[in-house]
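Please read them with the structure open.

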Amino acid sequence: MKNIFVSSDNILSALGLNTAQNFAQLKAAVSGIKKHSNAQMSDLPFYASLLEKSEEPINSNGKKYTKFEKMLIASIAGALKDSAVDITDKKTLLIISTTKGNISLLETEKNSNALNERMALHSSAKLIAEYFNHKNEPIVISNACISGLVAIITGARMIQSGEFENAVIAGADVISKFVLSGFQSFQAISEQPCRPFDKDRNGITLGEAAGTIIITSNKKKSNGIKIAGGSTSNDANHISGPSRTGQELSFAINNAMKEAKLSANDIDFISAHGTATIYNDEMEANAITLSGLENVPVNSLKGYYGHTLGAAGLIESIVSIHSLKNNIILPTIGFRQPGVTKPINITTEIINEPIKNCLKTASGFGGCNAAVIFSKA
């Protein structure tokens, strides 16, 4: 099977406008989560990791782009600067990952057919493709919280098919009243910054960010990391409740390891989904144990970024890629004492040691699961 390499990446978040700034903040244990009082978003104060207006990228070229689209454009442009991949090449594919896109326009615009078309995810994808003079029809991936990982797997599969040589994969979501109130209606929002896998965890913290990964089959354009394997699965359990056994996520993990030709002993660390909800963390712990990975260091980045929805799989993959390159495993902010029934190895401090393979997992509403393995090339 054709090797798929990472060429470059970008993270745009409350922690910085590029990956280097973000990774420096992560190593310093800085979190982007803050307490916000914004009556336009919530009647009560809430914790979230939000892009401040001063950080919002503006490069409109005279056209009217939404905040969601500006974030994507800025992140893609940042990744392209560090890559030899040409987004205007017919051999390059553009993939956009998001869960809600421009849904916040419902709060500010009058309902109409024109508004429905403007909110459609394909409309944003088309605008972004036009901005970069991209020649192909862009692909949109919107599959709950695994969207970012599914986008990476899709890009790799499209390249392996021989139709494309490169893929520019970008994801973003904006936190609005619509999004926040939806999670509040589930009583899923934590009253404090989230605490993944911790005994006293009580819900998620939301975040907004954009991330871009550029991948290629051309080893000359590689940054030294490859996508070794990837797989998806579904619980078929409940629209909002994950599997109680973790067997289905374990199925995706095992398939990803099989494709990568790796065993559990070869995995050096796991970047978990780790939402800090009672059932998600328990399910992930079950899946990790079922796959024989209970002794492998596990971290969740939600304590730094919050849950960034359609961007989560991408930005957490990017952090994992740079962890591999720098031989650093980051701690899990907010974790104090185990709160899951399976004794998995949650990181509590920075680990500096040679590492070669990382497993990234994600799960989401509808019972969807994804697993991707990144390895040093």
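**Notes on strands, helices and loops**

1. Ser49 stands opposite Gly207 in strand 7. This is a predicted model. Strand 3 is joined to strand 7 (residues 206–207) by two bridges, and the two strands run parallel.

2. Strand 2 (residues 34–36) pairs with strand 3 in the antiparallel sense, over three bridges. Within that pairing, Lys34 has Ala48 of strand 3 as its bridge partner.

3. Which way do the side chains of strand 3 (residues 46–49) point? Phe46 and Ala48 point one way, and Tyr47 and Ser49 point the other way. All of them are buried.

4. Strand 9 (residues 225–234) and strand 16 (residues 368–376) run antiparallel and are joined by nine bridges. Thr232 has Ala370 in strand 16 as its bridge partner.

5. How do helix 5 and helix 10 (residues 312–326) pack? Their angle is about 70°, and their axes are 5 Å apart. Angles of 65 to 115 degrees count as roughly perpendicular, so helix 5 is roughly perpendicular to helix 10. From helix 5, Gly148, Leu149 and Ile152 meet Gly313, Leu314 and Ser317 of helix 10. The residues of this contact divide into three nonpolar, three polar and no charged.

6. Compare the next pair on your screen. Helix 2 (residues 67–81) packs with helix 4 (residues 121–131) at an angle of about 40°, with the axes 10 Å apart. That angle makes helix 2 oblique to helix 4. Their crossing is right-handed. Helix 2 brings Phe68, Glu69, Leu72, Ile73 and Ile76 to the contact. Helix 4 meets them with Ser124, Leu127, Ile128 and Tyr131. The contact residues divide into seven nonpolar, one polar and one charged.

7. Is Lys81 buried or exposed? Lys81 sits in helix 2. Its relative accessibility is 70%. The cut-off for exposed is over 50%, so Lys81 counts as exposed. Lys81 and Leu115 are 34 residues apart in sequence. In space they are 33 Å apart, C-alpha to C-alpha.

8. Check two backbone angles. Ala144 is not a glycine, although its phi is positive, at about 50°. Ala144 is placed in the loop between strand 5 and helix 5. Ala276 has a phi near 80°, a positive value in a residue other than glycine. Ala276 lies in the loop between strand 10 (269–271) and helix 8 (278–290). Buried means under 20% relative accessible area, and Ala276 is buried, because its value is 0%.

How values were computed. Residues are numbered from 1 along each chain as its sequence is written. Side-chain values use heavy atoms; hydrogens and water are left out. Axes are lines fitted to C-alpha atoms, for helices over the stretch in contact, and angles run from 0 to 180 degrees between N-to-C directions. Helices (H or I, at least four residues) and strands (E, at least two) are DSSP runs, numbered from the N terminus. Angles under 35 degrees count as roughly parallel, over 145 as roughly antiparallel, 65 to 115 as roughly perpendicular and the rest as oblique. A crossing is left-handed if the near helix is turned anticlockwise from the far one by less than a right angle, and right-handed if clockwise. Contact means heavy atoms within 4.5 Å. Ala, Val, Leu, Ile, Met, Phe, Trp, Tyr, Cys and Pro count as nonpolar, Asp, Glu, Lys and Arg as charged, and the others, Gly among them, as polar. Two strands pair if DSSP finds at least two bridges between them. Buried means under 20% relative accessible area, exposed over 50%, partly exposed in between (1.4 Å probe, protein chains only).
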